[in-house]
Amino acid sequence: MKGPAWHSENGSLVLELRVQPRASRDEISGIANGRIAVRINAPPVDGAANDRLRDFLANEFGVSRGRVQILSGRAGRNKRVAIVKPGRTPRWLK
């Protein structure tokens, strides 16, 4: 599977994300500049936004939170995230 902001790599799906913390709700808001725009309802304090992002993506892909790995960008808005062996493909990625 390959798209403008994602690709398969060693059995994982790697996503290029642009994360907006402190949103009114968790959602995918589109694709811009080669990244999937994600809005997360958590502040970027003490890793809360990263934790919420992992929970949100785990739910979207039907996997446990442990199978969502932040590869780069922990402290920034641009992140590279791997979903190890996704259980399903969300509608927004098709």
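Author: A salt bridge here is a side-chain nitrogen of Lys or Arg within 4 Å of a carboxyl oxygen of Asp or Glu. Glu16 makes one with Arg80, with the closest N and O atoms 3.2 Å apart. Keep in mind that this is a predicted model, where local features need pLDDT of at least 70, side-chain atom pairs count only at pLDDT 80 or more, and totals for chains, interfaces and linings use all residues. Residues are numbered from 1 along each chain as its sequence is written, and side-chain values use heavy atoms, with hydrogens and water left out.

Reader: Ok, where do Glu16 and Arg80 sit in the chain?

Author: Glu16 is in strand S3 and Arg80 in strand S7, 64 residues apart, so the pair links distant parts of the chain. Helices (H or I, at least four residues) and strands (E, at least two) are DSSP runs, numbered from the N terminus.

Reader: What else does Glu16 bridge to?

Author: Its side chain also meets that of Arg35, at 3.4 Å, N to O. Glu9, Glu16, Arg35 and Arg80 are linked in a network of salt bridges.

Reader: And how many salt bridges are there in the structure?

Author: Eight. Another one joins Glu27 and Arg39, at 2.8 Å, N to O. Glu27 lies in strand S4 (residues 27-32) and Arg39 in strand S5, so that pair ties together parts 12 residues apart in sequence.

Reader: Why does Arg35 count as partly exposed?

Author: Because its relative accessibility is 23%. Buried means under 20% relative accessible area, exposed over 50%, and partly exposed in between, with a 1.4 Å probe and protein chains only.

Reader: Switching topic: which charged residue is buried yet has no salt bridge?

Author: That's Lys79, found in strand S7. The nearest side chain of opposite charge is Asp51, 10 Å away. For charge, Lys and Arg count as positive and Asp and Glu as negative, while His and the chain ends are not counted.

Reader: So what does the Lys79 side chain reach?

Author: The backbone oxygen of Gly76, at 2.7 Å. Leaving aside neighbours within four places in sequence, Lys79 is also in contact (heavy atoms within 4.5 Å) with residues including Glu16, Leu17, Arg35 and Leu53.

Reader: Now the core. How many residues are in the largest nonpolar one?

Author: It has 21, and those with the most contacts inside it are Leu15, Leu17, Leu57 and Ile83. A nonpolar core is a set of buried Ala, Val, Leu, Ile, Met, Phe, Trp, Tyr and Cys residues joined through side-chain atoms within 4.5 Å.

Reader: Which element gives the largest share of this core?

Author: H1, with five residues. The buried residues of H1 pack against S3, S4, S5, S6 and S7.

Reader: How far does H1 reach?

Author: Its 14 residues reach 20 Å from first C-alpha to last, close to the 20 Å expected at 1.5 Å a residue; the expected span is 1.5 Å times one less than the number of residues. Just after H1, Gly62 takes a positive phi of about 70°.

Reader: Last one: is Phe56 buried or exposed?

Author: Buried, because its relative accessible area is 7%. Phe56 is in helix H1 and, not counting residues up to four places away in sequence, touches Asp26, Glu27, Ile28, Val38 and Ile40.

Note on methods:
A polar contact is a pair of N or O atoms within 3.5 Å; within protein, one must be able to donate a hydrogen and the other to accept it, and residues adjacent in sequence count only if both atoms are side-chain atoms.
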